Amino acid sequence: MPDDETQTPTLNRGTAARTSHELHAQRLPGAGDTPAPWLLRLIAVGLVLAALNLRPAITSLGALLEEVREGLHMSGSVAGVLTSVPPLCFAVFGVMAPRLARRFGAGAVVCAGMAAIAAGLVIRPYIGSTAGFLAASALALMGIAVSNILMPVIVKRWFPDRVGTMTGLYSMALALGTALAAAVTVPVTGALGGDWQAGLVVWAVPAALAVLPWIVLVRDRTPAPGQPVPAPGPAAAHTEAPALRITRSRTAWGLACFFGLQATAAYITMGWMPQIFRDAGVSAGTAGLLLAVTMAMGVPLAFVIPRVASRLKQQGPIVVVLGLCGLIGYGGLYLAPAAGAWAWALLLGVANCAFPLALTMIGMRARSGAGVVRLSAFAQSTGYLISIPGPLLVGVLYQHSGGWGLPIALMAGLMIPQMVAGILAGRDRTIEDEC
C-alpha cells in the first residue's frame, strides 16, 4: 500500500499532463497533424483578406498626397518624412512580431494587427495636425508591420507543401489591394464631395472585415501541423534547437539587402510616382490610374513568380530580369515621363514584383518553421531599416533641385546593388548551412 500510494500521485500528474496537452491540441479543430479542411480554407481566406489590407494605407495616401500636404500645410521635406514612415514602422515594429507570436500565437497577432490598421485609418484623417496624422499612420503601420512578418510564417506553418502557391496567392491579394487603393481613391474622394479625409477613411472598412477570420485562431498555441509537439515541463527546454546566429549568414544579409532595396523602390513609387506624373502635366485621376497599373502588374505576376521561383534552385535570373525592367522604366520616366507614361508604369510594375520574390526566398532559405520566423524577422526588419532614407531623400532632392532628374537618377542607381544582393540571396543554400 505505501508503494502504491507513493506512485499514485506521479501517475496522476502524468495523466493530468497528457490530458491537459490533449485538450490543448483539441482547442482548435485541425491543430494536430491533419488540420480540418474547413480550417485550412478559413486560414486561406484570412491570408487573402489580410494581404488585401497591407498596402491601401500607403497607396491611398500617395494618390492624395498633394491634397493632404495642402490640408495639413506640409512642406516637401515633411512629405518626404511621411513617405518614410512606412519602412520605419515596419523595421521597428516588425522586430516584435516573432516574440509576440511566441507569446500570443501568430493568429492572435495578425488579428490584432488588422484591428490596429482599421483603428489607425479611422483616426488619422480627422486628427487635424501633422503630428497626429503621423501618429495615427504609425498605428496602422504597426499592424501592417507585424502581419508582414508573419505571413510567410503562417504559410510555412499551415501549408508546408504549398509554400510557392500560397505565397503567390497572398502576394497576388496584396498587389490587388495596393492597386485598388491607388486606382479608386481619387474617384471615391470625388464621389464623396472632394473631401480627402473621407477618401482616406473608407479604407478602414476592409481592414475591419479582415479581423473576422482571424478570431478563430486567437487562442491557437499549437505547433505547426506535422511538427513534433514539445513535452510539457522543464524538459522541453532541453529539446529545443539551438538558436541560429543569423547575422553570420551571408544569405540572410543578402536577402535583407535585397528586401531593403526593393522596399526602397516600392515606397518611393507608392509615395511619389503620382506626383512625378502630375508635375509632368498628367491629371490627378490619370496619375492615380498609372500608379494603379504599376501595382496591378503584381496581381498576375505575384502569383506566377513565386511558383516559378520555388521550382528553381537559384533565383538570380529572375532578380536580373526584374532589375532590368526597373532600369528601363526609370530611364523612360527621366526622358519622357508623360509621353510614355503607360509603358513606364508597366515596366516599373514588373520591377516591383521583387517583393513576392523576396517573400518566396524567405520561405526557401530556411529548412524549419523556426528558421523561417527568424529569417523573416531579420530580413524584413533589417530591410525596412535600409529602405528608410530612400523616400525621405527623394523628397529632399525634389524640393531643393526643383525637379525630378536627381530623384529618378537615384532610383535607377539603386537597382544595381539590388540585383547584386538578389543574386547573392538567390543561391541554393539555407541559413542553417551557414550558421
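**Close-up 1. Lining of the largest cavity in the predicted model.** Helix α13 (250-279) gives the largest share of the lining of the largest cavity, 5 residues. Helices here are DSSP runs (H or I, at least four residues), numbered from the N terminus. A cavity is a set of points on a 1 Å grid over the protein atoms alone where a 1.4 Å probe fits but cannot get out, and lining residues have an atom within 4 Å of a point. The largest cavity is lined by 20 residues, and L174, A266, M295, N352 and F355 lie nearest its centre. Besides α13, the elements that give two or more residues to this lining are α9 (163-191), α14 (284-296), α15 (298-311) and α18 (354-364). By class, the lining holds 12 nonpolar, 7 polar and 1 charged residues; Ala, Val, Leu, Ile, Met, Phe, Trp, Tyr, Cys and Pro count as nonpolar, Asp, Glu, Lys and Arg as charged, and the others, Gly among them, as polar. The volume is about 240 Å³, taken as the space filled by probe spheres set on the points, with grid points joined across faces, edges and corners. The structure holds 7 cavities of 30 Å³ or more.

The model is predicted: local features need pLDDT of at least 70, side-chain atom pairs count only at pLDDT 80 or more, and totals for chains, interfaces and linings use all residues. Residues are numbered from 1 along each chain as its sequence is written, and side-chain values use heavy atoms, with hydrogens and water left out.

**Close-up 2. The second largest cavity.** This cavity contains about 120 Å³ of space. Its lining has 13 residues, of which A57, I58, L61, L82 and P86 lie nearest the centre. Two or more lining residues come from each of α3 (56-63), α5 (76-94), α8 (130-158) and α13.

**Close-up 3. Helices α16 and α17.** The axes of α16 (residues 316-335) and α17 (residues 341-351) come within 8 Å and cross at roughly 150°; axes are lines fitted to C-alpha atoms over the stretch in contact, and angles run from 0 to 180 degrees between N-to-C directions. α16 is therefore roughly antiparallel to α17 (over 145 degrees; under 35 counts as roughly parallel). Contact (heavy atoms within 4.5 Å) involves L322, C325, G326, I328, G329, Y330, G332 and L333 of α16 and W344, L347, L348, V350 and A351 of α17.

**Close-up 4. Helices α14 and α15.** The axes of α14 and α15 come within 6 Å and cross at roughly 15°, so the two helices are roughly parallel. T294, M295 and A296 of α14 meet G298, V299 and P300 of α15.

Key: 1 Å grid on protein atoms, 1.4 Å probe; cavity = no way out; pocket = protein on both sides within 12 Å on 5 of 7 lines; lining within 4 Å. Parallel < 35°, antiparallel > 145°, perpendicular 65-115°, else oblique.
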